[in-house]
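Please look over the sequence and the model before reading on.

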Amino acid sequence: MTILISYLSIEFQLFSVFGYSISLIELLGTSSGLVCVYLASRNHILTWPIGIFNSICFFFLFFQIQLYSDMLLQIYFFGSSIYGWWIWHKRTGSYVQIQSLGKPKNILLLLSILLGTYVLGEITSRLPLWFPKIFEKPPVFLYWDAFTTVASIIANFLLAQRKLESWFLWVLVDVVCIGLYSLKEIPFVTAEYIVFLLIAFYGCYHWYKEYKLNQIT
C-alpha cells in the first residue's frame, strides 16, 4: 500500500519537459483524459471506461494541489461514467440520437450553473474548518474552481444524455480550466486542456452535423 501511495504522489516524477517535471499520476491522468474526450467527440462508447480510469487519476492529483472542487468532481465523473456507459448502450446495443435542450431549458441550465457555483464555493471554503486533518490548506481560486466543477457535472450529464449543448458547455469549461491550471503552474495539464478545447470545438461540429442530419431524416 505504501508503494502504491508513493506512485500516486506528484513527487513521483518520471521525466522533465522544458524544465518541468512530470509525475506518473499527471501523465496517466492527462493521457487517459485526452483519449477519453477524443472518443466522446467521435461518439464512441469506449469514452466511458477510459473515463473511469481518468477520474481515479485526477482525484489523487487535484487533492495534492488543493483544487478540492475538482477533486470532488472526480467522484461524480466516476459514477457518471458508469451511467454513461450504460445509457449509451441501452443494454440493447442501440444508440440514442443526439438532441437539443431548446431555449427555455438552456436558460434554466445557466441559472442552475450559477447557483451551483455559489453553493459549492461556500461548501469547499469550509472544508479546512470541518476536516482540518484532511484539508490542511485552504482552497484556491474558490469560485472559479467551483464553476468548472458544477459546469463539468452538468456537461457530462448532458453528454451521457446525448444533448448537443454538452459540447458548447465543455468549450466554456475548458477555457476557464486553462486559466486555472496555468496559474497553478501545472503546464502539462494546462496543455492537455488546450487540446481538450480543440477537441471540444470538434465535438461541437461533429455532433451538430449529426444533429442536423437526424432532424432531416
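A polar atom of the Thr-149 side chain lies 3.0 Å from the backbone oxygen of Asp-145, where a polar contact is a pair of N or O atoms within 3.5 Å, of which, within protein, one must be able to donate a hydrogen and the other to accept it, and residues adjacent in sequence count only if both atoms are side-chain atoms. The model is predicted, and local features need pLDDT of at least 70, side-chain atom pairs count only at pLDDT 80 or more, while totals for chains, interfaces and linings use all residues. Residues are numbered from 1 along each chain as its sequence is written, and side-chain values use heavy atoms, with hydrogens and water left out.

Thr-149 belongs to helix α7, which spans residues 142-160; helices (H or I, at least four residues) and strands (E, at least two) are DSSP runs, numbered from the N terminus. Contact here means heavy atoms within 4.5 Å, and, leaving aside neighbours within four places in sequence, Thr-149 is in contact with Ser-69, Asp-70, Leu-73 and Leu-120. Thr-148, not counting residues up to four places away, touches Asp-70, Leu-73, Val-173, Val-176, Cys-177 and Leu-180.

| Residue | Helix | Relative accessible area |
|---|---|---|
| Thr-149 | α7 | 2% |
| Glu-26 | α2 | 3% |
| Leu-169 | α8 | 8% |

Glu-26 and Val-189 are 163 residues apart in sequence, yet their C-alpha atoms are 7.3 Å apart in space. Leu-169 and Ile-154 are 15 residues apart in sequence and 8.5 Å apart from C-alpha to C-alpha, and Ile-154 is among the contacts of Leu-169, together with Ile-113, Ala-151 and Ala-155.

Residues in the contact include Ser-69, Asp-70 and Leu-73 of α4, and Asp-145, Thr-148 and Thr-149 of α7.

The largest nonpolar core has 54 residues, of which Ile-113, Leu-159, Trp-167, Trp-170 and Tyr-181 touch the most other members; such a core is a set of buried Ala, Val, Leu, Ile, Met, Phe, Trp, Tyr and Cys residues joined through side-chain atoms within 4.5 Å. At least two residues each come from α2, α3, α4, α5, α7, α8 and α9, and α8 supplies the largest share, 10 residues. Tyr-181 itself is in contact with Phe-62, Leu-67, Asp-70, Ile-186, Val-189, Thr-190 and Tyr-193, leaving aside neighbours within four places in sequence.

Seen as a whole, the protein chain has 9 helices and 2 strands, arranged along the sequence as α-β-β-α-α-α-α-α-α-α-α. Of its 217 residues, 45% count as buried, and residues 24 or more positions apart account for 69% of the contacts with a separation of 6 or more.

Conventions. Buried < 20%, exposed > 50% of the residue type's maximum accessible area, 1.4 Å probe, protein only.
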